[in-house]
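Good morning. I have one structure to go through today, and I will keep to a few parts of it. Please have a look at it while I talk.

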Amino acid sequence: MSTSETPVPSTSPAGFLAIELDGAGWDGGHFASLGEAVLAAESAGFHAATFTDAPVQGRANALQRAAYAGPATRTIALVPEVDTVYTEPFHVSTQLASLDYVSGGRAGWIATAAESPEGAAAVGRSSVSGEALAQEAEASIEVSRRLWDSWEDDAVIRDVATGRYIDVDKLHYAEFETPADFAGPAYSVKGPSIIPRPLQGQLPVLAAASLVGEGQIPADAVDAVLVTAPTPELLAAEVRDVRARVGASVAVIAELDVVLHSRGQAAAERSGGLDGGRAQYAGTAEGLMDLLESLLEEADGVRLHPASLALELDELSRLVLPELRRRGALRPPVQDGTFRDLLGLTRPASRYGAAAAAAGAGK
Amino acid sequence: MTQHNRAKSGVFTPTGKIQFGIFFQGVNSGTIWKAAESGSQTDFESFRRLAQTAERGLFAAFFLGEGLRLREHLGRPHALDVVGRPDAQTMLAALASVTKKIGLVATQNTTYNDPADLAHRLASLDLISGGRAAWNIVTTDNAWTGANFRRGGYLDHADRYKHAEAFVETAKRIWDSWETPSGPARQVLHEGQHYTVDVTPRLPRSAQYRPVLFQAGDSPGGRDFAARQADVIFSAHPKFDDAVEFRKDLVERSLAAGRGANAVQIMPASEFILAATAAEALEKKEWVRSLQIGPQQAVAYLEQFWGRELSEYDPDGPLPEIDPVVEETSETRGSGFHGAKARQLADQWRAEAKDKGLSIRQFVSSRTARVDATFTGSYTAVADQLAEYTRVGAVDGFNISPWLVPTGLDDIVNHLVPELQERGVYPTEYAGSTLRENLGLETPVRS
C-alpha cells in the first residue's frame, strides 16, 4: 500500500466519482447482493462507495456493510455514515479504525449529526437540535482523531531482547474533555485507543457542507465536504461558494441524484421518490456525461445517488464512466491506493509523536 | 430423540459430539509474538487465515474479545504482551464476506454499550452473515474502564448481573418484536434504573431468528444468569471430573430456571499443544511456555501484585522476600487480576514456590499457563481423551485459544479433527447454514 506518495493537487482537472449504494431503489434487505453491488461499483470504475445510515426499515448498520465490502474489493474507497450524536465516541473511533484495517486503508467517515427524536429516545437522551448538533459532531471527530493518533505508527516493536511488544513511550492518552460550553451532557475520554493507529494514520472525515463553517464544525476538522444544491444548474455555483468558504485544503464533493433512460424506459417516468433536497439529473447518459464533466471542473468529486442501483449502475458502467475517462475527466482508479491518496491528502504524522519529538529536541 | 425434544427434556442427554470454537483473544501472554511464525495481531490477513482454517475444520464459531481500555502496568500501558485489537463486530462483518458457515461471535460489554444500539448492531451482523452472529455477554463495572465512555463508572459491582440481565432482556425484546419474520415490529419500551429505551426496531428476523447468546461467569450469580438467559456458557472447567461436576450444576440451575436440562450448552476455554508423539508434544509445550512467559513477563507479573518494581530480582531466582505495597491489586491489568488480597497472596505464593522449588519464572509460568485448560499429547491420545468427554456429555465443545497467530489452528484442523471424526465424535459437515443450526440449538421462544 502506498502511504506517503506525492499528493495529487486538488486543482487536478481529473476528478473522482463516488456512488451511494443505498439510494432509492436499493433494497437494503437483499444482503446477499451487497458484495455484488460493491464489486459492480468497483468494476464500473467508481472511486468510492458510500453507505447511508438513515433510519430506514430493513437497512443494516452502515459501518458493518462497509466492513463486509472490505475484503471483497481492492480499489474502491468505503465510506459509511456514522452518527456522532447518539453514539459512544470511543466505540466509533475503534470501529472506524477497524474498518481501515479490513479494507486495507480505503476507509473514510461521513460524520453525521442530524435531528433525530427516534435516535434520542432509543438511548434515553433528550433530542439534540440546532447548533448543539455541530458541537456534538466536532467533539466526536476530535475524540476519534486523538485516539487514532494515540498509537504512533511504530509503537509495536516486538523486541525479543527486552521482551517488549510495544514501546510504551509511543502510546499516548487522548485526554479529551468536552468544552465548558458544551450543550449536551459533558464527558471525557482517556485513551489510548484499543487498536493501533489506522493504516492511513487518520481516516478522511467528510461532513455535509451545511454542518461546516463558522459556529459549527470548523473546516479544518474535516477533510472533505458534501455540497448540495436544489438544481444541477445551481450546483457548480454552490461548489465554488463552499470552496471559497472552507479553503483549499478541504476537498469538495458535489451531490447529484441520477435517473437515466434505461431499458427503453424514460428517466422522467422513474424520477419520483428521490430526495427532494438534492439536485437531480434525469435524462440520457450523454447529457449526464456533459454535466459531470463540467461539475468535475469545479468539484474534486461528485457523489451520485442512483434512483435504482441496478438500473443506473448498469448505464453508468456501460456508457458514462468509460466516456468520462476517455475525455480525461476522471482519474484512473488505483489498486491498493488509500482513500487519502484519492483525496490528495498526505499521510499525517501522529500529533503526539510530533509533540514528543519537539519536546525531545528542546531538552 | 429430535434436537427439539432434547432441548425441552427434563433429563440431560449427551449429544455424543463435541464442537470447537476459536477464541482470538488478541491480548494476553498466551498468544506468542516472539516466534518466527508469529504474524500480525491486527492485519485482516491474520483473521482471515484463522477463520478460514477454522471453517475448513468445521468449527462452530469464531470469537473475538472486546477491548475497552488498554491494560496498564504500574501506571503505564503494559508493554510485554500482545496488545491492540480491532473492534469485534467490524472485524466479524468483514469475516462474514470471506466465510460461509462458521458462527461469528462478538464479545460485547453490557455496561458501556446502549441496549438499543448494541441490539441493532448485532441484528445487523446477524443479517449480513446470513444468521451466523452471536453475542458473548460480558460485564464490567469499574470506573477505570469507564474513563473512556460518556457515563464513566456508574454501575456498582453488586448490580452488574442485575443490570446485565435487564440489558439482555431488552435486547431480546428488540429482536423478538416482529409479528412475522418480515414485520411489522412492535415498539419496545424499557425504563430502568440506568437507562431508558424507546425504540421501534428496524431490522427483520435473521435466518436464525436472533443472535445466539454466549456467556461466561463462574460465580453462582453468573451461572444463574447463564441458566436463565444464555444458549451457551463458557466454563472454566475443562478437566474431566470438574467438567462433569459443572454439567450437573448447570443442569440443576437450568431446570430451576424453567428451561430444559439440555437448554444451555457448555464450552470450556482450552489450549491444545499437539504433535505426532507424546514426547514431541511435551517438548513443544516447553517451547510454548518459554515464549509465553519470558523473564520480563515473569517479573512483571509479580510486580502487578506487589505494586512496585521488582527489576532487581533474578527471574531464575526465588520469589521476592519483600512484601507488596498495595493491599489489593487494581483492575488495570484486566479482570483476571482484580481484587486479590496482595499480602495474603504473596505469602501463599512464596510458600508454594519454596515448597516446589520453583524460580520466579517457573512459578509464574505455572500460574499463567492455564494448566488446567491445556490438552497436551499426541493427536491420537488427545482424540481418545476428548472422545471420553462425549460418552457422558461432560461438555458440548471446547473454545480453543490458539497460542500462535495466524497458524495456531493448523495442527488441530489437519490432525486432531480427522482423528475425532474417525471416532465418530466430531461433525463431518456443517448441519446447516446458521450458527443455531450448527450448534443444534432450539429456536428461541419469543420472550
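**Where the chains meet, and what lies inside them**

Across the interface of chain A and chain B there are 29 residue pairs in polar contact, with both residues at pLDDT 80 or more. I mention pLDDT because this is a predicted model.

Which elements of chain A give two or more residues to the side that touches chain B? They are α2 (62-69), α3 (89-102), α4 (117-122), β5 (156-159), β6 (164-166) and β8 (188-189). The largest share, nine residues, comes from α3(A). Sorted by class, this side of chain A has 33 nonpolar, 16 polar and 11 charged residues.

In terms of residues, 60 from chain A are in contact with 61 from chain B. In terms of area, about 4900 Å² is buried between the two chains, and carbon and sulfur atoms give 58% of that. On the chain A side, A:Gln64, A:Tyr165 and A:Ile194 lose the most area to chain B, together 15% of what that side buries.

The interface also has two salt bridges. One of them pairs A:Glu136 with B:Arg150, with 3.5 Å between the closest N and O atoms.

Next, two helices of chain B. Helix α6(B), residues 160-175, has 16 residues and reaches 22 Å from its first C-alpha to its last, close to the 22 Å expected at 1.5 Å a residue. Why call this helix largely enclosed by the rest of the structure? Because 12 of the 16 residues of α6(B) are buried, and buried here means under 20% relative accessible area. Among the buried residues are B:Phe167 and B:Trp175, but also B:Arg160, B:Glu165 and B:Lys172. The buried residues of α6(B) pack against α4 (115-128), β6 (133-138), β7 (188-191), β8 (196-199), β9 (212-216) and α7 of chain B.

Helix α8(B), residues 240-256, has 17 residues and reaches 24 Å, again close to the 24 Å expected. Its buried residues include B:Ala243, B:Phe246, B:Leu250 and B:Val251. The buried residues of α8(B) pack against α7 (220-229), β10 (232-234), β11 (265-266) and α13 (379-392) of chain B. After α8(B) comes B:Gly258, whose phi is positive, near 85°.

In chain A, A:Asp300 forms one with A:Arg243, the closest N and O atoms being 3.2 Å apart. A:Asp300 sits in the loop between α8 (285-298) and β13 (301-306), and A:Arg243 in helix α6 (residues 232-246), 57 residues apart. Buried or exposed? A:Asp300 is buried, with a relative accessible area of 8%, while A:Arg243 is partly exposed at 23%.

In chain B, the side chains of B:Asp411 and B:Lys284 meet at 2.5 Å, N to O. B:Asp411 is in helix α14 (residues 410-422) and B:Lys284 in helix α9 (residues 278-292), so the pair ties together parts that are 127 residues apart in sequence. B:Asp411 is partly exposed at 23%, and B:Lys284 is partly exposed at 21%.

A:Arg145 counts as buried, at 9% relative accessibility. Residues that A:Arg145 touches include A:Leu203, A:Asp223 and A:Arg351.

That is the end of my part.

Key: Residues are numbered from 1 along each chain as its sequence is written. Chains are lettered from A and ligands numbered from 1 in the order in which they are written. This is a predicted model: local features need pLDDT of at least 70, side-chain atom pairs count only at pLDDT 80 or more; totals for chains, interfaces and linings use all residues. Side-chain values use heavy atoms; hydrogens and water are left out. Contact means heavy atoms within 4.5 Å. Buried area is the accessible area (1.4 Å probe) that two parts lose on being put together, summed over both. A salt bridge is a side-chain nitrogen of Lys or Arg within 4 Å of a carboxyl oxygen of Asp or Glu. A polar contact is a pair of N or O atoms within 3.5 Å; within protein, one must be able to donate a hydrogen and the other to accept it, and residues adjacent in sequence count only if both atoms are side-chain atoms. Helices (H or I, at least four residues) and strands (E, at least two) are DSSP runs, numbered from the N terminus. Ala, Val, Leu, Ile, Met, Phe, Trp, Tyr, Cys and Pro count as nonpolar, Asp, Glu, Lys and Arg as charged, and the others, Gly among them, as polar. Buried means under 20% relative accessible area, exposed over 50%, partly exposed in between (1.4 Å probe, protein chains only). The expected span of a helix is 1.5 Å times one less than its number of residues. Lists of a residue's contacts leave out its neighbours within four places in sequence.
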